[in-house]
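Here is a friendly briefing for anyone meeting this structure for the first time. Take a look at the sequence and the model, then read on for a few points about charged pairs and packed helices.

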Amino acid sequence: MGMENPDGAETKDQTTAAGIVDKYNVESAEFLANSAQHLPINQAAPIYEQLLLLFPTAAKLWKQYVEAYMAVNNDDATKQIFSRCLLNCLQVPLWRCYIRFIRKVNEKKGVEGQEETRKAFDFMLGYVGADIASGPVWIEYITFLKSLPALNAQEESQRMTAVRKVYQKAIVTPTHHVEQLWKDYENFENSVSRQLAKGLLSEYQPKYNSARAVYRERKKYVDEIDWNMLAVPPTGSYKEELQWMAWKRLLAFEKGNPQRIDSVSSNKRIVFTYEQCLMYLYHYPDIWYDYATWHAKSGSIDAAIKVFQRALKALPDSEMLKYAYAELEESRGAILPAKKIYESLLGDGVNTTALAHIQFIRFLRRNEGVEAARKYFLDARKSPNCTYHVYVAYALMAFCLDKDPKTAHKVFEAGLKRFMHEPVYILEYADFLSRLNDDRNIRALFERALSSLPPEESVEIWKRFTLFEQTYGDLASMLKVEQRRKEALSRSGEDGGSTLESSLQEVVSRYSFMDLWPCSSKDLDHLSCQEWLAKNISKKMEKSAVSNGLGIVDKDSTGLTSNSAVSTKVIYPDTSCMVIYEPRQKHETGISPSTTPGFATASNMSNPIIGLLGSGTTSALDEILKATPPALVSFLASLPTVEGPTPNVDIVLSICLQADIPNGQVGKLGASPAPATSDLSGSSKSRPVPSSSSFKQLRDRQSGKRKDSDRQEDDETATVQSQPLPRDAFRIRQIQKARVGTTSQTGSASYGSALSGDLSASTG
């Protein structure tokens, strides 16, 4: 975490992150802290102060700092440091360092020192006693109480009572040592009185069981948190996001009150968890806001105000937290404190934002009346940072809240003299006039704006003018404005150089209403596509012509389609014919061919050729098979059924090497295929081309031949082919060499290796 992003995640705002790297460099801070440990305290103190100014909630830095003063026995400086850090750093190691200091200071003060130490223990457990790692603190406190001297029976009874109370608090707190504390408590009660112990142990057994169960759940959330992390502003790194989510989960767990304890104790644990969370997410405004609003919802408004005050010290530039704080103050009737917060947002008036002006005007209108808001607006409009937003906000406030359209109209007119160049202001003014149903002034406003704005900035004005005429005008005015719009935008090139001719898209725009359209969604998509093509056709297809809507033909070429040309026809897949692929689907229970036309059905997938071609008609398949060489038909018939997008390569290679494929003679290109010869019979009879009806029988017959050949283990021509084919490519080549040597002696014809792709037919 920190300045460098170890996870490689990009920051949300690289400019801001660059500044954070310079200021909140975790690696540099850790290096300085380690070097300060080896320096004398007078040299190390400035280093610690510099680091703690950037990391005020870093408990490990405070611990190093205070231990450096404790080492030189500077008690005054030690007390001062503890007073600065303890309440903001609720971490057990730092607080145990504090209790060591207290015990050391009071060890020689007798009874008075023992009482101070006891108070220090109570003070510490009041803040960090709910920590999951506070078990050693409870044990240390119990040991301290047991060590106190008792001069008489009354003091002994008081000591036992004090020890019992601490035990009973410890065993209901979900800590790492809860089981050990329970065993110690059992031994303690049995040592005092077995008869009394039986009743007390039976009373606290269910509470202990609940604490132990909650501890196991709590530990899962706590283990996700990095307790050595330094608090830096968020940079958007992956590790920071993980820590933020881990703390959110722990907070949600504690808010659920899993132990079902009383509300006071439960709220105390939630406060403790928030305080610990802010030690590490100190610069996260959402955590501060959640903490304050939780207090407010719990009924503790004063605690919520204190959280907001601390938040603004931690994040003085956060406008979000200031508005949230002012809202809380205003909601409880504290107008003066809320006004001070708004005034702090206004600053010195030089760098005041338009939003600060607007929100302060609204605040004054809510709490001090119309006149106070009007007076401030008159002052705010003189500010150099006053934008058109302030005019729009005040005009709408006068119109909607004060019900004064005359004042609102004057404000808009006054702003028009200053912001005529702002299209957004023109549109807001037009909306206001539309509410007044003042169509004459709306037309005048559009004409004034379009005469002063450059064409490239008037696109939205023209759109709104067109919509206005569709609502308030007649057919002639509608068509006139649309024609003027096309002429103005075509001259500026803003409309992509589109023609001045009317388009069907304009008709759709004129005759649609809200979500009702005079065409289907498919037609609307088509029109949008055509509109885009019309805007870009001059850019992408200069001196080109569309041929049959399939491609662009280069006139200078020899009649071939240009490879570099870009097709203007956008082809979309027919999603209505898509079927879901299921590799485990059985072919026998496949989809009926009649339900999915145009796609390979499950029944056709048993035939590789039909599967490749789709579910076309039988006559079309017959025509393809007649034009296919017999050797290729035989090879395709040998292929296995493919269950999935990618076949098993080893199986395909094995079939290629073991298949009885007839040897076809290679002729000239375009010549009719020569008669195929059977490598089993050696005859030169021409082989009939199978039809689609006999194709499956051919495949089954050839499959039977291979099975019969495998059974003949003594056949010398099948000694290599009958063996299972290895997956190793080198072994496959060795087998092919052996086959070539065998066929050269027996005079049989053989095809070359499927790996090399060479035709190696040899005859004896």
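Glu254 is buried, with a relative accessible area of 5% (buried means under 20%, exposed over 50% and partly exposed in between, with a 1.4 Å probe and protein chains only). Its partner in a salt bridge is Arg218, at 3.0 Å from N to O, where a salt bridge is a side-chain nitrogen of Lys or Arg within 4 Å of a carboxyl oxygen of Asp or Glu. This is a predicted model, in which local features need pLDDT of at least 70 and side-chain atom pairs count only at pLDDT 80 or more, while totals for chains, interfaces and linings use all residues. Residues are numbered from 1 along each chain as its sequence is written, and side-chain values use heavy atoms, leaving out hydrogens and water.

**Salt bridges**

- Arg218 also counts as buried, at 4% relative accessibility.
- Glu254 sits in helix H12 (residues 238-255) and Arg218 in helix H11 (residues 194-222), so this pair links distant parts of the chain, 36 residues apart; helices are DSSP runs of H or I with at least four residues, numbered from the N terminus.
- Glu140 and Arg96 form another salt bridge, with their closest N and O atoms 3.5 Å apart.
- Glu140 is buried at 16% relative accessible area, whereas Arg96 is partly exposed at 29%.
- Arg332 and Asp302 form a salt bridge too, with the closest N and O atoms 3.8 Å apart.
- Arg332 lies in the loop between H16 and helix H17 (335-346) and Asp302 in helix H15, so the pair ties together parts 30 residues apart in sequence.
- Arg332 is partly exposed at 44%, and Asp302 is exposed at 53%.

**Helices H15 and H16**

- The axes of H15 (residues 301-314) and H16 (residues 319-331) come within 10 Å and cross at roughly 155°; axes are lines fitted to C-alpha atoms over the stretch in contact, and angles run from 0 to 180 degrees between N-to-C directions.
- That makes the two helices roughly antiparallel, a term for angles over 145 degrees.
- Residues making the contact (heavy atoms within 4.5 Å) include Ile301 and Phe308 of H15 and Tyr325 and Leu328 of H16.

Definitions and conventions: Angles under 35 degrees count as roughly parallel, over 145 as roughly antiparallel, 65 to 115 as roughly perpendicular and the rest as oblique.
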